[in-house]
Amino acid sequence: MTDLQRYSRQIVLPEIGINGQQMLRDSTVMLFGMGGLGSASAPYLAGAGVGQLLIADPDRLELSNLQRQVLYREADVGRHKIEAAAAQLRALNHDIDVVPLQPAAALARLHEADVVLDGTDRFSARFAINAACVAARKPLVSAAAIRFEGQIAVLDPTRRGGCYACMYPPQGEDAERCEDAGIAGPVVGTVGVMQAWLTLRRLLGLADDAGTLHTWSAEHLQWRRLTVSRDPNCPVCGTHDLDPA
Ligand SMILES: [Zn+2]
């Protein structure tokens, strides 16, 4: 009954209903990166009642993170982000299971996830997460934001389209990072919230948008949708015998 009250505003949506709520409760989502993207996506997943959130990040919170990583409080500076984030998410919804993990431990539990979110800021981590998701056949919602631009890719080469390495062939170089290039808080927040929405609607079976890339220009206030094609020579998904082309 409490659940009915708690989630009433989404249960009343015919596309969600009681069945959808139960689907969310039965779901496990793994989030890599509890920075600006995870700060925005995780509270919405917790609020919606996703039953288990596995959150991974190796870093401690720095003062310069608070400008955009609004899940945290000043008192959290110096704490491990996963510990501070877990406390906040549990305070938001005591009914769900929030598990803080170091990234290596999270990768070892990837098989438990229904959807994986990448909100990390290093290419090396992105490629490792993508390769693990392709190997485990897990859908990946991969997001990035820098300056006034963001993008989100919904990747599931077992269903349709390519993987992250089809879009960005591995080069061994780190991406431009926010600490060098800058980022506006609401830009990364918008992308993180959209990442949560793409995850929820996938968990609910409302849309199958595997193989799509959504780009967001905060300067022009424009979203664009592109297709992520599968590269048959991709070093990651090209070597897997995945069913659909
Ligand atoms: Zn690929």
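In the predicted model, Arg202 counts as buried, at 17% relative accessibility. The residue falls in this class because buried means under 20% relative accessible area. Arg202 takes part in a salt bridge with Asp208, in which the closest N and O atoms are 3.8 Å apart. This pair qualifies because a salt bridge requires a side-chain nitrogen of Lys or Arg within 4 Å of a carboxyl oxygen of Asp or Glu. In contrast to the buried Arg202, Asp208 is partly exposed, with a relative accessibility of 32%. Both residues belong to a network of salt bridges that also links Asp156, Arg159 and Arg160.

Side chains of opposite charge can pair when their charged atoms come close. In the model, the count of salt bridges comes to 10. One of these joins Arg25 to Asp3, with 3.1 Å between the closest N and O atoms. The two residues lie 22 residues apart and connect distant parts of the chain, Arg25 being in helix H3 (residues 17–25) and Asp3 in helix H1 (residues 2–6). Arg25 is partly exposed, at 32% relative accessible area, and Asp3 is likewise partly exposed, at 26%. A further salt bridge is formed by the side chains of Arg201 and Asp209, at a distance of 2.6 Å from N to O. Asp209 is buried, its relative accessible area being 2%.

The model also contains a zinc ion, which is coordinated by the SG atoms of Cys163, Cys166, Cys234 and Cys237 at 2.3 to 2.4 Å. The angles among the four donor atoms range from 93 to 125°, and the site is tetrahedral. This assignment follows because four donors count as tetrahedral if all angles lie between 85 and 135 degrees. Along the sequence, the donor residues follow the spacing C-x2-C-x67-C-x2-C.

Backbone geometry was examined at two arginine residues. Arg137 has a phi near 55°, a positive value in a residue other than glycine. Arg137 is placed in the loop between helix H7 (123–136) and strand E5 (140–146), and its relative accessibility of 40% makes it partly exposed. A positive phi, near 50°, is likewise found at Arg147, again a residue other than glycine. Arg147 is situated in the loop between E5 and strand E6 (149–155). At 37% relative accessibility, Arg147 is partly exposed.

Key: Residues numbered from 1 in each chain as written. Predicted model: local features only at pLDDT ≥ 70, side-chain atom pairs only at ≥ 80, totals over all residues. Heavy atoms only, no water. Donors = N, O, S within 2.8 Å, 3.2 Å for Na, K, Ca; no water. Tetrahedral: all angles 85-135°; square planar, octahedral: opposite > 155°, others 65-115°. Helix = DSSP H or I, 4+ residues; strand = E, 2+ residues; numbered from the N terminus. Buried < 20%, exposed > 50% of the residue type's maximum accessible area, 1.4 Å probe, protein only.
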